[in-house]
Amino acid sequence: MASVVEAALYRDGVRVSSPGSLAETYRELREQPAGMAWIGLARPTEGELQSLAAEFDLHPLAVEDAKEAHQRPKLERYGDTLFVVLRAARYLDAPEEIDFAELHVFVGPDFVLTVRHGAAPDLSAVRRRMEETPELLRLGPEAVLYAILDAVVDGYAPVVAGVQNDIDEIETEVFRGDPEVSRRIYELSREMVEFQRATRPLVGMLHGLMAGFSKYGTDEELQRYLRDVADHVTHTSERVDGFRQALTEILTVNATLVTQQQNAEMRALAEAGFEQNEEIKRISSWAAILFAPTLVGTIYGMNFRDMPELDWPLGYPFAIGLMGVICVSLYLIFKRRDWL
């Protein structure tokens, strides 16, 4: 029974008992023909779901969905039972990410079953709120459903605030040139896709419930309550759409800034390469100019006996003049080619 978080029976909006097991809940509900059972479960076993299905005549497809989880938000009606799938969300401050959880709700004429797959939302707070307003709880299972919807939608508000703060930080990081910002944009964009999948179907679901007000004789107070929830979820859905658009634009700006930075770096490298090439030209030119007299001096410095220039009176001036002519010629050639 560890998966049964809490079970209670209500009559006229007041809790009349808190059964300790599913079997006891079934028995007491049969003894309270005007009562309502509200059973909360967290990751129930297949046996528990089958027990609930047999007692409350739940449709096998809905039971299969509740067992497997990983469903998109939806609303389906099986005879007198309404089956609702919701995606709750909460913002985790430390890792700066969104944690999504799944909630399945079965609503029948005299019962409400909630099956949680995840930490959110805090249904104990919803139960306390309803028990503190017996005039609302007196309206029956539909009132509990609307309270759960309101809790899920209200839970989106801190997430929206957290995402807005993340986007503000990302914009600062983009213009600061943070190299890790691209990864953060991508991760937040993926979370916005999940958030959009959680909120967008809710708009149609709530409008579908509002369309059935007349057919199912929904209380006027609940009608106002549901319209308020619909307004909130519409606003949240629009904010999420805006976040996705903003992230797309930020990613485009970041790509442009990265390209500009890369172009600047390439330009700087090209300029550095050009300056280095010019230095190499100068060094090579002077090396060639100095090599010419070195070569002449080396040849005439070998002091071989059979070198006719050694006994020539003009040999020394000739060698000096030859070195000067070669050096000046090379200098003029390199100067004309802008190497010097």
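In the unreviewed UniProt entry, the annotation "transmembrane region" covers residues 283-302 and 314-334. The structure shown here is a predicted model. Two parts of the model are described below: the pair of helices α10 and α11, and an open sheet formed by 7 strands.

**The annotated stretches**

- Over residues 283-302 the chain is 90% helix and 0% strand, and the C-alpha atoms at the two ends lie 28 Å apart.
- Residues 314-334 are 95% helix and 0% strand, with 30 Å between the end C-alpha atoms.

**Helices α10 and α11**

- Helix α10 spans residues 220-300 and helix α11 spans residues 315-336; their axes come within 9 Å and cross at roughly 165 degrees.
- Angles over 145 degrees count as roughly antiparallel, and α10 and α11 are therefore roughly antiparallel to each other.
- The crossing of these two helices, α10 and α11, is right-handed.
- On the α10 side, the contact is made by S285, W286, A288, I289, A292, P293, V296, G297 and Y300.
- On the α11 side, F318, A319, L322, M323, I326, C327, L330, Y331 and F334 make the contact.
- Sorted by class, the contact of α10 with α11 has 16 nonpolar residues, 2 polar residues and no charged residues.

**The sheet as a whole**

- The strands of the open sheet follow the order β2-β1-β3-β7-β6-β5-β4, and their pairing is mixed.
- Strands β2 (14-17) and β4 (74-78) stand at the edges with a single partner strand each, so one side of each has no neighbour in the sheet.
- On average, neighbouring strands of this sheet are turned by 25 degrees against each other, direction ignored.
- Helix α3 (residues 60-68) packs on the sheet and touches β4, β5, β6 and β7 (111-117).
- The direction of α3 makes about 155 degrees with that of β6.

**Strand pairs within the sheet**

- Strands β5 (residues 81-92) and β6 (residues 97-107) pair in the antiparallel sense over 11 bridges.
- R87 has E102 in β6 as its bridge partner.
- Strand β1 (residues 4-11) runs antiparallel to strand β3 (residues 36-42), and 6 bridges join them.
- A7 stands opposite I39 in β3.
- The pairing of β1 with β2 is also antiparallel, over 3 bridges, and R11 stands opposite V14 in β2.
- β1 and β2 form a hairpin with 2 residues between them.
- In the turn of this hairpin, D12 has a positive phi of about 55 degrees.

Methods. Residues are numbered from 1 along each chain as its sequence is written. This is a predicted model: local features need pLDDT of at least 70, side-chain atom pairs count only at pLDDT 80 or more; totals for chains, interfaces and linings use all residues. Side-chain values use heavy atoms; hydrogens and water are left out. Axes are lines fitted to C-alpha atoms, for helices over the stretch in contact, and angles run from 0 to 180 degrees between N-to-C directions. Helices (H or I, at least four residues) and strands (E, at least two) are DSSP runs, numbered from the N terminus. Angles under 35 degrees count as roughly parallel, over 145 as roughly antiparallel, 65 to 115 as roughly perpendicular and the rest as oblique. A crossing is left-handed if the near helix is turned anticlockwise from the far one by less than a right angle, and right-handed if clockwise. Contact means heavy atoms within 4.5 Å. Ala, Val, Leu, Ile, Met, Phe, Trp, Tyr, Cys and Pro count as nonpolar, Asp, Glu, Lys and Arg as charged, and the others, Gly among them, as polar. UniProt positions are given in the numbering used here, feature names are shortened, and annotations may be inferred rather than shown by experiment. Two strands pair if DSSP finds at least two bridges between them.
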